[in-house]
Amino acid sequence: MTIKIYGSLVSRATRNLWMLEELGVDYERIDLDWIKQENRSPDYLKINPAGQVPTLIDGDVTLSESLGINLYLAQKFGGGVLWPDDDAGQARCIQWSVWAAGELEPAVYPRVYEFVFKKAKDRDDALIVKLAERTLPLLDLMEGALSASAYLVGDAFSVADLNVAGVMEYLDRSDFDIAQWPKTVAWYETTYGRAANQKVQGERAPVAEAMLKRIVEHSRSEG
Ligand SMILES: N[C@@H](CCC(=O)N[C@@H](CS)C(=O)NCC(=O)O)C(=O)O
């Protein structure tokens, strides 16, 4: 049965689309219109009670949380490649993914809110400074890890890299210059530039501007 991913190209579902492209696994993407509240329909709430995207359905497995979905996909389809064979490597993939969701995302996602969703005059400058202060030690940590090995878990690309880069993308989208962390810059360029992700980003680009404009106008009209 084909895997289903609920979520548009302008949502965290792109992290899962990237993973599915890496794995060469067939999937069907189902877009939900957030402005029309399709993510709050009774049918959708049955599969994701939080009313959020992405959600994955793979046979009788229904999962939410983009980075958790990627761990599942790597474990199921990426053995020896995106999912290391050894317990220690697998544990470190989980560690970096939990770090991306619990430490990195709270520091970098609110920047997107300030830079993409708000008008320049309405930005909260104090918050932007606070977020930058919170981000610096996280980038130092990554730089340290990437000074020891080419990728986050040893010398091969894994789900750890995909999950962390999928969150770091928010820095890219919110004017945050990472030049002072050269190993991280090189790693990000190689990782984010992978063909599988470029395919997803290539599909996203033509629809993103119009979709974001609509979302931003809606969120501004809601105050
Ligand atoms: N931690 C969740 C966050 C999911 C999330 O916030 N998704 C957004 C779209 S990217 C959403 O569904 N927003 C609609 C809402 O919260 O009502 C994940 O990584 O999957």
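These legends describe an overview and several close-up views of one predicted model. Residues are numbered from 1 along each chain as its sequence is written, and side-chain values use heavy atoms, with hydrogens and water left out. Because the model is predicted, local features need pLDDT of at least 70 and side-chain atom pairs count only at pLDDT 80 or more, while totals for chains, interfaces and linings use all residues.

**View 1. Overview of the protein chain, with eight helices and four strands.** Helices (H or I, at least four residues) and strands (E, at least two) are DSSP runs, numbered from the N terminus. Along the sequence their pattern is β-α-β-α-β-β-α-α-α-α-α-α. The radius of gyration of the protein chain, taken over C-alpha atoms, is 18 Å. The C-alpha trace spans about 50 × 45 × 30 Å along its principal axes. Of the 223 residues, 47% are buried; buried means under 20% relative accessible area, exposed over 50% and partly exposed in between, with a 1.4 Å probe and protein chains only. Contact means heavy atoms within 4.5 Å. Among contacts between residues at least 6 apart in sequence, 65% join residues at least 24 apart.

**View 2. The open sheet of four strands, in the order β2-β1-β3-β4.** The pairing in this sheet is mixed; two strands pair if DSSP finds at least two bridges between them. Strands β2 (27-30) and β4 (61-64) are the edges, each pairing on one side only. From one strand to the next, the twist averages 15°. Axes are lines fitted to C-alpha atoms, for helices over the stretch in contact, and angles run from 0 to 180 degrees between N-to-C directions.

**View 3. Strand β3 (residues 55-58) and its antiparallel pairing with β4.** Four bridges join β3 and β4, and I57 stands opposite T62 in β4. The hairpin of β3 and β4 has two residues between the strands, and G59 there takes a positive phi near 60°. Strand β1 also runs antiparallel to β3, joined by three bridges. The bridge partner of I5 in β3 is L56. Both faces of β3 are covered: T55 and I57 on one side, and L56 and D58 on the other, are all buried.

**View 4. Helices α1 and α3 against the strands.** Helix α1 (residues 13-23) lies across β1 (3-6) and β2, and runs at about 155° to β1. Helix α3 (residues 66-77) packs on the sheet and touches β1, β3 and β4. The direction of α3 makes about 25° with that of β3.

**View 5. Aromatic pairs, of which the structure holds nine.** Rings of Phe, Tyr and Trp (its six-membered ring) pair if their centres lie within 6.5 Å; planes under 30 degrees apart count as stacked, over 60 as edge-to-face and the rest as tilted. The rings of Y6 and Y44 have centres 5.4 Å apart and planes at 50°, so this pair is tilted. Y6 in strand β1 and Y44 in helix α2 (residues 42-47) are 38 residues apart, and their pair links distant parts of the chain. Y6 is buried at a relative accessible area of 15%, and Y44 is buried at 3%. Y151 and F157 form an edge-to-face pair, 6.1 Å centre to centre with 70° between the planes. Both Y151 and F157 are buried. One aromatic cluster is formed by W18, W187, Y188 and Y192.

**View 6. Arginine charges over the rings of Y109 and F157.** A charge sits over a ring if NZ of Lys or CZ of Arg is within 6 Å of the ring centre and within 35 degrees of the ring normal. The charged end of R12 sits over the ring of Y109, 4.7 Å from its centre. R194 lies over the face of F157, at 3.7 Å from the ring centre.

**View 7. S158 in the loop between α5 (125-148) and α6 (159-172).** S158 is buried, with a relative accessible area of 2%. Not counting residues up to four places away in sequence, S158 touches V81, L82, C93 and V153.

Methods:
The radius of gyration is taken over C-alpha atoms; the globule rule is 2.2 Å times the number of residues to the power 0.38.
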